[in-house]
Amino acid sequence: MATSHSSITSERGRKILCVGLCNIDIIQTCDTYPEEDSDQRCHSSRWQRGGNASNNCTVLANLGAPCELLASFSDSPTFQFARDDLARRKIDFGHCASHPDAEVPLSTVWLSLATGTRTIVHSNPNLPELTVEDFARCELSDYRWIHFEGRRNTAAIVRMIERIDHWNKAIVDGHTSKITISVELEKPRASNLDLLVAGIDYVFVGKDFGRFLHYDSARAVVLGIKRSHPGHYAVICPWGSSDTVAVDAEGRWYSQCTYPPAVIRDSLGAGDTFVAGCIFKLSHGTEATLADALEFGSRLAGAKLVHFGFDGPDGGDPRCAESSTR
């Protein structure tokens, strides 16, 4: 049966929800990584809203996708910086859980101009993780894609995924398509493997997590996860400057090269940019293949490396991202 124009419009209006962390990054750009017990000046410094899920939303918003962040917030006046930036970028955060006694989660970041690397020290003393009750406030019919950042609240995230899976299975009218579910396994925590449950569609596996599982290549990670946790889902594993390797739900393998620029200025958030780029491409209907998404995400991440932060000259325009890396 043909889909009506009004139904198509409704589908495109549904948001992408990213569930995870929102913190504040304090970033200093230095000639080289500072030596211990030294005293030196940096080239520049800035505050930036950070966190994997938060960064995913920034990239999606730059690309023009309607998106929402679900995260725990501190009620500290300092955290207003993050709220203001979300509002400025028109990222919905109306369902975020606020905690009056929680300290602001911070990340101190050193960017080395000599190597293009970033070194991060996290501080998150007492901000509670999201709960199933926090997630229950979200109306699932508002979303076409829900992405989860694997964190310590693994059991709660599993229950959130189960709620979406139950909702997907209950769709009977044909006017609303199922919600696509993706998860990111990045932090080296064994419990995050418990997120590989029924109902997920895409799994992004970070290099640090792969090494934590004692794998030495992206292909080994993908093969190992599919063997130990069989299921009808795709696995995508970017491996730093090496090729990204993926396998789709039908068992087809893919390899995607990276697009590093001549000079790397800021690698902070490049992985988040890749994930968001893939989600953006895949969420735009069945015409986008996994190969298309990997190519788009890789080019977008390569373009991000040229600019400090997420507001380069292209403003997040995917056409500029493609042309700037050719």
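Is cysteine 18 buried or exposed? At 0% relative accessibility, cysteine 18 counts as buried. The model discussed here is predicted.

## Cysteines

The structure holds zero disulfides. Take cysteine 18 again. The closest cysteine sulfur to its own belongs to cysteine 57, at 3.9 Å. That is too far for a bond, because a disulfide needs the two sulfur atoms within 2.5 Å.

Cysteine 30 has cysteine 42 as the partner with the closest cysteine sulfur. The distance is 5.7 Å, again too far for a bond. Cysteine 30 is buried, with a relative accessible area of 4%.

Across the whole structure, 17 salt bridges are found. One of them pairs lysine 15 with glutamate 68, with 2.9 Å from N to O. This pair links distant parts of the chain. Lysine 15 sits in strand S1 (residues 15-19), and glutamate 68 sits in strand S4 (residues 67-70). They are 53 residues apart. Both residues are buried.

Side chains of opposite charge can pair when their charged atoms come close.

## Salt bridges at aspartate 85

Aspartate 85 forms a salt bridge with arginine 49, and the closest N and O atoms are 2.9 Å apart. Arginine 49 lies in strand S3 (residues 44-50), while aspartate 85 lies in helix H3 (residues 80-88). The pair therefore ties together parts that are 36 residues apart in sequence. Arginine 49 is buried, at 3% relative accessible area. Aspartate 85 also counts as buried, at 12% relative accessibility.

Aspartate 85 forms a salt bridge with arginine 88 too, with closest N and O atoms 2.7 Å apart. These two residues are three apart in helix H3, so about one helical turn separates them. Arginine 88 is exposed, with a relative accessible area of 52%. Which residues make up the network of salt bridges? Arg49, Asp85, Arg88, Arg89 and Asp311 are linked in it.

## Serine 123

Serine 123 is in strand S8 (residues 118-123). At 34% relative accessibility, serine 123 counts as partly exposed. Leaving aside residues up to four places away in sequence, serine 123 touches Val104, Pro105 and Leu106.

How far apart are the C-alpha atoms of serine 123 and asparagine 23? They are separated by 9.4 Å, although the residues are 100 residues apart along the chain.

Key. Residues are numbered from 1 along each chain as its sequence is written. This is a predicted model: local features need pLDDT of at least 70, side-chain atom pairs count only at pLDDT 80 or more; totals for chains, interfaces and linings use all residues. Side-chain values use heavy atoms; hydrogens and water are left out. Helices (H or I, at least four residues) and strands (E, at least two) are DSSP runs, numbered from the N terminus. Buried means under 20% relative accessible area, exposed over 50%, partly exposed in between (1.4 Å probe, protein chains only). Contact means heavy atoms within 4.5 Å. A salt bridge is a side-chain nitrogen of Lys or Arg within 4 Å of a carboxyl oxygen of Asp or Glu.
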